[in-house]
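Subject: Structure handover

Hello,

The structure I promised is pasted below. My notes on it follow.

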Amino acid sequence: MIMLDNQIKEAFTSLVNKKIHSYHVIDGGLSNISHEINDSYVIRTPSNYIQPFNDFSKEKAVLEAIEKLSISEKIVKFDTELGIKISKFVHGGLLYKETPTDEQIRLTAKTLKKLHRSGIEVPYNFDLNKRLDLYKSFAKKNTLDQRYEKKIIRQINAILSREKMVICHNDLVRGNLLYRFNKLVIIDWEYAGMNHPYFDLASFISENDLSDEQTRLFLSSYFGSKFNNLRTKKVNVFIAFNDILWYYWSLMMKDQTEKEVYEQIAILKKNRIEKERGK
């Protein structure tokens, strides 16, 4: 349930025990609503629709597990029952508006490599097949070309069956990336869990519509001397899967919330899929 302003303020005062001097909405969230308080804190509260698979206790556990990496927001309080998270405001943190700079691309690659190679494990999997099946159940007649979809799923499962899973963020949209000097702060870890690292790479490329040149810079920065065409081809499979997965997710969200923004996301993803399928 969406909390009213006075309820949010009461929750903040109760959890942090500080008076509120300034308070305003932070634009950009789809699944949550965030407010900046006192130019020092961010309080995130869930929107009306709680997404399947999301578990606030798991998100808190992930944030605690990765705290030593210093790549996420600093958590002050987390009420996992209500889904209320209070974190320190990231001063100087800048979102990129349309597409990242070369410096931001390199920094993203460096930060993801740090996460993926941390050796941190959590007992939560970002199960690609289960998520796809559930999201797709809301598609009704809006399914994609099934031959293409099944081909991508076969390729994904072949990779998953023989390669190691690592801790991943799994939702690298631009709103979750804050660039601060020579540091990247990744926020909102609701989707985090064990997954193939290429899913994160594909997420950053796909969600932010990187050009071929930017994609090459990103992947070469991530892989270093191990960058080659085979790795690029595998990442491309995950990009295709990302587009399919989030296409069906957007249909589910449109069905549940009736918000037009999700229909727009579905159209964007379907156009990307059609373009890729036509190659």
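A charge is taken to sit over a ring if NZ of Lys or CZ of Arg is within 6 Å of the ring centre and within 35 degrees of the ring normal. By that rule, K9 lies over the face of Y23, at 4.7 Å from the ring centre. K88 is placed over the face of Y41, at 4.8 Å from the ring centre.

Some ground rules first. This is a predicted model: local features need pLDDT of at least 70 and side-chain atom pairs count only at pLDDT 80 or more, while totals for chains, interfaces and linings use all residues. Residues are numbered from 1 along each chain as its sequence is written, and side-chain values use heavy atoms, with hydrogens and water left out.

The sheet

Strands (E, at least two residues) and helices (H or I, at least four) are DSSP runs numbered from the N terminus. Two strands pair if DSSP finds at least two bridges between them. Five strands form an open sheet in the order 1-2-3-5-4, with antiparallel pairing. Strand 1 (23-26) and strand 4 (75-79) are the edge strands, each pairing on one side only. On average, neighbouring strands are turned by 20° against each other, direction ignored; axes here are lines fitted to C-alpha atoms, for helices over the stretch in contact, and angles run from 0 to 180 degrees between N-to-C directions.

Strand 2 (residues 32-37) and strand 3 (residues 41-46) pair over six bridges, and N32 has P46 in strand 3 as its bridge partner. Helix 2 (residues 56-66) packs on the sheet and touches strand 3, strand 4 and strand 5 (84-88); contact means heavy atoms within 4.5 Å. The direction of helix 2 makes about 160° with that of strand 4.

Strand 5 pairs with strand 3 over four bridges, and I86 in strand 5 is the bridge partner of I43. Strand 4 and strand 5 also pair over four bridges. These two strands form a hairpin with four residues between them, and G83 in the turn has a positive phi of about 75°. Four of the five residues of strand 5 are buried, where buried means under 20% relative accessible area, exposed over 50% and partly exposed in between (1.4 Å probe, protein chains only).

The cores

A nonpolar core is a set of buried Ala, Val, Leu, Ile, Met, Phe, Trp, Tyr and Cys residues joined through side-chain atoms within 4.5 Å. The largest one has 69 residues, and I66, W189, L201, F218, F241, Y248 and W249 touch the most other members. Helix 8 (residues 229-257) supplies the largest share of this core, 15 residues. A second, separate core of 10 residues includes F12, Y23, Y41 and I43.

Aromatic pairs

Rings of Phe, Tyr and Trp (its six-membered ring) pair if their centres lie within 6.5 Å; planes under 30 degrees apart count as stacked, over 60 as edge-to-face and the rest as tilted. The whole structure holds 13 such pairs. One of them, Y198 with F238, is edge-to-face, at 6.2 Å centre to centre and 75° between the planes. Y198 is in helix 6 (residues 197-207) and F238 in helix 8, 40 residues apart. Both Y198 and F238 are buried. The ring centres of F204 and F218 are 4.7 Å apart and the planes are at 50°, so this pair is tilted.

Regards
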